Structures are given as C-alpha cells and as structure tokens.
Amino acid sequence: MWHSEFAYDPAADGMDQFGPIVGLSLTVSLSAALVAAVLGLGLAALLALTRFPGRRVLVVAVNALLGLPPVVVGLLLYLLLSHGGPLGGLGLLFTPGAMVAAQAILATPIVAALAHRVLEADWVEYGRALQASGASRWQALWPLLGMGRRALATAVLAGFGRTVSEVGAVLVVGGNIAGHTRTMTTAIALETSKGNLALALALGMVLIGISVAVSATVLVLGGQPERKRI
Amino acid sequence: MKHLVAALLLAAGLAAAPVAATSARAETIVLASTTSVDNSGLLKHILPVFTKATGIEVKVLAQGTGQALATAARGDADIVLVHDPEAEAKFIAAGHGILRREIAWNDFLIVGPKADPAHIAGGKDAVAALKAIYAAKAAFVSRGDASGTDALEKRLWKAAGLNPAGQDWYKDIGGGMGAALNAAAGMEAVTLTDRGTWISFRNKRDLVEQVSGDPKLINRYDVIQLDPVRHPNIKRAAAAKFAEWLVGKEGQAAIGAYRLDGETLFHPDAKP
C-alpha cells in the first residue's frame, strides 16, 4: 500500500496530464465566461434601459435560472447535439465547443441577473441626467458601464466561478476524453474513482486556489466604493 | 475593466487555438468503451501504438457497457469495446452492430474486507459466495449502473435464486467500478470487480481478493463494429481499421504486453 503510493510513476498515475488538464479547464471556462459576459451584459442592458411587454417576466425568468442544475443542462444539450438531435450536424458533441456552450448557458443568467441590478440602479439614478444632456438610451449605456465597472466585473467573475467548478454538464457533453475534453473537475471525479487520490487531490488544490482567488477578487472589487462620474 | 476585457479576449484566443488545431489534425474516431479497459490503463498503453501505426487518433469515452452501447445506438460513437454478452446480443439484434469479435479476456473476482463476515474467502464458487453473503447479511456494494459487471452480478444473484434488492446491507451505488471499490473500501463491504480495474486500483485499504476461479466469472471483451446503413455518420473505414488492428497480430501483442505489478491484466485471445 505505502510503497505503491511512494514508488510513483507519474505517467502511470496521470501526473503527466496535470498541465494540459489545468490548461483546458481554464480555456474552456474563460471562453464560456466571455460568452456569458457578452450575452449577460447585453441582456442586462436590455432589461435595465428599455421597457417592453414581457420585460418583467424576463427579469423573473433570468433570476429563476440562476440555479440551473448543470447535469440537466448537460443532458438537454447532449440531446440537442447528439447525431440524432436537431443540432447533431454541427459535430460539436464531445468537443470543447460543446463544453463552452454548456458552461455559457449556466453562467449567462448569473452575469445577466447581477449586472441587471447594477445597471438598473444606475439608470434610475443617472438616466434622466444622461438623457437631458442629449444622450440616447444606447449612448447612455457606455457611461453606465463605466460607472458600474467594478460591480460588472464582479458579475463576470461570479459567472467564471460557476463555470470553472462545474462538473455535471461538461461530463455529459464533453465525455471526459483524455487530452481533448478532460477538465479539472471531470479528472478529479475520474481519478477518485481509480483510487488515485494523489492526483485528484493535487487537481483539487488548484481548483480550490482558483475558486478562492476569484472569490477574493469579487470581494475586493465589490467592497470598494465606485467612483461615480458622468 | 480594460485589463479584464483584454484578459478575457486573450483567453478566448488561446481557447480557439487548440480547438482549431484538434479539428484540423488527422482522422479521429470515437471509441465508446467500458470503464475497465480505460481505468485499468490498457487503452492508454495500446492506443499510442495503434495511432503510430495508422495515424488514426482514438478518442475514448469511458462509460459502463450499458451507456456505451446506448451512446453508439444514438450514433455518437464510431465503435464500441464492451463486456456484456447479453447486452451485446441485444444491440446487434436491434440492428446497430454488424461484427462482434472477442479481443481479450480476464476474470471477475469477489473482493471484500479482511474480516470476512460471510466467510467466503478462498472459495471458488461465486453463487455459493453470494448465498453466504445473503445469509450473513454482509454489506455488499452493487454497481447498479447497467454495466457489464452489474449485469453479471444480477445474473449471479438470479442463479442463486435470491433477490437482494431493497435489503439494507445491499448498497446500490449507481456508479462505475472505481466508485464501487471506493465505496466497498470505505464501508468494509464485499463487491464484484473485474480483475483489470482491481489490479490497477490504488485505494484498496482493507479489501482483499476472496473468491475467484469460477467459470461463471470469465470476463470477455468484445469489439463491435457499427452498421453503416443504420449509422451513416460514423467513420466506418477508420473504425474497421481499429477493429482489425485489435484482433490482429500487433494489437493482440500490445494487449498481452500490458502488465501491472507483475500481472497480465488482459489475456489476448482473438481468433485469427
């Protein structure tokens, strides 16, 4: 038992995969967070700055989707992307692209809901002044984004926090293929199932480190008063 | 904010690069396999040999036999490598597979805690061991995931004329072989495992081999090619090349050469 833990062959135990796994995890999750940032901020601006029928329903829907169960998102996306499914022709199943899509779906409501609160408050407070100075609704968006930049960055980071630690969806649509779609979370699940607790723990430490760093950044950004300028 | 945007854009660029590189590379096939051939390290050992010989890259989806066959039936894999004769026969009867060939065998064994509450250690009769476990109400971990190992376990209980489902000592964990071994190690329970996963498993704790050598515990691994009429999307030629390689001289030699802790995990036995 002990000797097998210490007479360690890194290749046999998968330690050689450590770097690529961390790299793929970060690229997939950062890409997903970027997609979620664009979609989420756009949706938040739409909800905060405009009035249209069904807007309130959409606000409720976005907030209700904050707790989307990842494994269900994975399953639905799997059915869509499967060869038999409506989007099967894209050939995205079991690729990093499918994983980015799954994580972006999970993170977009988070970015949208958090950013909506920020933009709406600023719009209520400064919207009239901005419009009085001759700006249209959409021209007013830029100063609003600038004013709320810290809080908005926090929203995007919260989205990233969700994507990087998620396992259920990427496992289903990615397939945990070594060297192609194996992320930190799916590798931890796999290595644990192989009884290879050393590598699972090492990856776990990296993941916890990233998660703590993201949370700390969110706290620091959120804790500082916004310098509001028009 | 500017820095954040720049960082995210950079990350997106980095993300796009490997994705593009992967899709531009030579031919790849998706192999839906049972977990044991992957978790035991066999595929990691033999696939580079195949890729070197043919230039074809094999992406492995390690799933239980039931899930692997379901994935292939949906057209989401190019070829399957599994170990449940009954489920395979159904898969072929349903028109999904055309050619099934045995590539290797090893055996299943019953492992349990050293304390051996059901007094089964040293036995060679799997059915008798299950009867003893049932009588002693000894903790037993079941895969419960429709894998090949799970299917065999259910057949053995049937052969014993017993139905343990619902008993509080019978833990249906709904997980892979490794998860079942972790659970058995943690709960000091008995479980049925394939030898490949068992030898390569690194968290045995108090578990030891207790019953083996029963002809009922033979474990055969089959490669099945898919019906190109039913599944026109699959990479038929490359998948056929892989199957031929597995049953051919080179593949069989690569399988036989894989040893761990001085033991052969899979005995090649393809008929030429």
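Modeller: Let's start with burial: of the 272 residues of chain B, 54% count as buried, where buried means under 20% relative accessible area, exposed over 50% and partly exposed in between (1.4 Å probe, protein chains only). Keep in mind that this is a predicted model, where local features need pLDDT of at least 70, side-chain atom pairs count only at pLDDT 80 or more, and totals for chains, interfaces and linings use all residues. Residues are numbered from 1 along each chain as its sequence is written, chains are lettered from A and ligands numbered from 1 in the order in which they are written, and side-chain values use heavy atoms, with hydrogens and water left out.

Colleague: How many helices and strands does chain B have?

Modeller: Helices (H or I, at least four residues) and strands (E, at least two) are DSSP runs, numbered from the N terminus. Chain B has 11 helices and 12 strands.

Colleague: Where do the domains of chain B lie?

Modeller: Domain bounds come from an automatic or database domain assignment. Here domain 1 of chain B takes in 2-105 + 220-268, and domain 2 covers 106-217. Their centres, taken over C-alpha atoms, are 28 Å apart.

Colleague: And how do I judge the interface between them?

Modeller: Buried area is what two parts lose on being put together (1.4 Å probe), summed over both. Domain 1 and domain 2 of chain B bury about 1400 Å² between them, 51% of it on carbon and sulfur atoms. On the domain 1 side, His83(B), Asp84(B) and Leu265(B) lose the most area to domain 2, together 26% of what that side buries.

Colleague: How many salt bridges cross the interface of domain 1 and domain 2 of chain B?

Modeller: A salt bridge needs a side-chain nitrogen of Lys or Arg within 4 Å of a carboxyl oxygen of Asp or Glu. The rule finds 3 across this interface of chain B. As for a salt bridge you can look up, Glu86(B) pairs with Arg155(B), their closest N and O atoms being 3.7 Å apart.

Colleague: Which helices of chain B supply at least two residues of the domain 1 side that touches domain 2?

Modeller: Helix H2 (35-39), helix H4 (65-73) and helix H5 (85-93) of chain B each do that. H2(B) gives the largest share of that side, 3 residues.
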